[in-house]
Amino acid sequence: MGVYRRKCICDFLFRDFVWVNLASTLDSELPKKPGTYVLRLVISRDEDPLILKGRVLEAYSAAMAILKKVKWERLTKYWGPRIERLKRIDPLTCPTIYIGSTGKGKGTIRSRFADLAGLRHTIFPCVLALRLVGWDIEFGYKTVSKGEEAFKIEEKLMREYMKTHGMPPPLNEKAGIK
């Protein structure tokens, strides 16, 4: 079963990025430099296109089942709206699910990658749900010399992505960006 990056009209935005597998890469393998990063779904060549959206909805259902089972109001209040973002993913349209950066501060590609494992990242519950049902995810990154530059590149990528697709990547939904 061959693996490939599904082609998309927004691919030109990420041509200078280095790509690694999210699950098999150690944060220690990544640079301690500021930068911009992207998450994309990996789709096998023989994956039935009609099943792809169902796999995303399976991730949503799995995450919501966890919330229902733990019966923890605060966790549900925090994770619930974030998990709803999964419904926006359409792997047939675009495999890109998130665009981010290390920000204006002292963040690095390595630290943001580690944050995706749940330490401090808003999309952690979505990434966890996708992994729970078997999705492979690519982590693409591009380093820069200063955090301010990373933030500007993220803003530019987001504008170009929205210009290309008419909306932000599905997991980027937040206040002011819908």
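Predicted model: local features only at pLDDT ≥ 70, side-chain atom pairs only at ≥ 80, totals over all residues.
The loop between α1 and α2 contains K71.

The length of α1 was checked against its residue count.

The buried residues of α1 are L52, R55, V56, A59, Y60, A63 and L67. These residues cover an arc of only 135° around the axis and therefore fall on the same side of α1. An α-helix has 3.6 residues a turn, so residues three or four places apart point the same way. Elements covering the buried residues of α1 include β3 (35–44), α2 (73–84) and α4 (124–132). On the face turned away from the buried side, α1 carries the exposed residues L50, K68 and K69.

K71 follows α1. Its phi is near 50°, a positive value in a residue other than glycine. The relative accessibility of K71 is 73%, so this residue counts as exposed, the cut-off for exposed being over 50%.

A contrasting case in accessibility is H165, located in helix α5 (residues 147–165). H165 has a relative accessibility of 19% and therefore counts as buried, since buried means under 20%. With residues up to four places away in sequence left out, H165 touches C8, I9, C10, T93 and C94.

Technical notes
Residues numbered from 1 in each chain as written. Heavy atoms only, no water. Buried < 20%, exposed > 50% of the residue type's maximum accessible area, 1.4 Å probe, protein only. Helix = DSSP H or I, 4+ residues; strand = E, 2+ residues; numbered from the N terminus. Arc of directions from axis to C-beta. Contact = heavy atoms within 4.5 Å.
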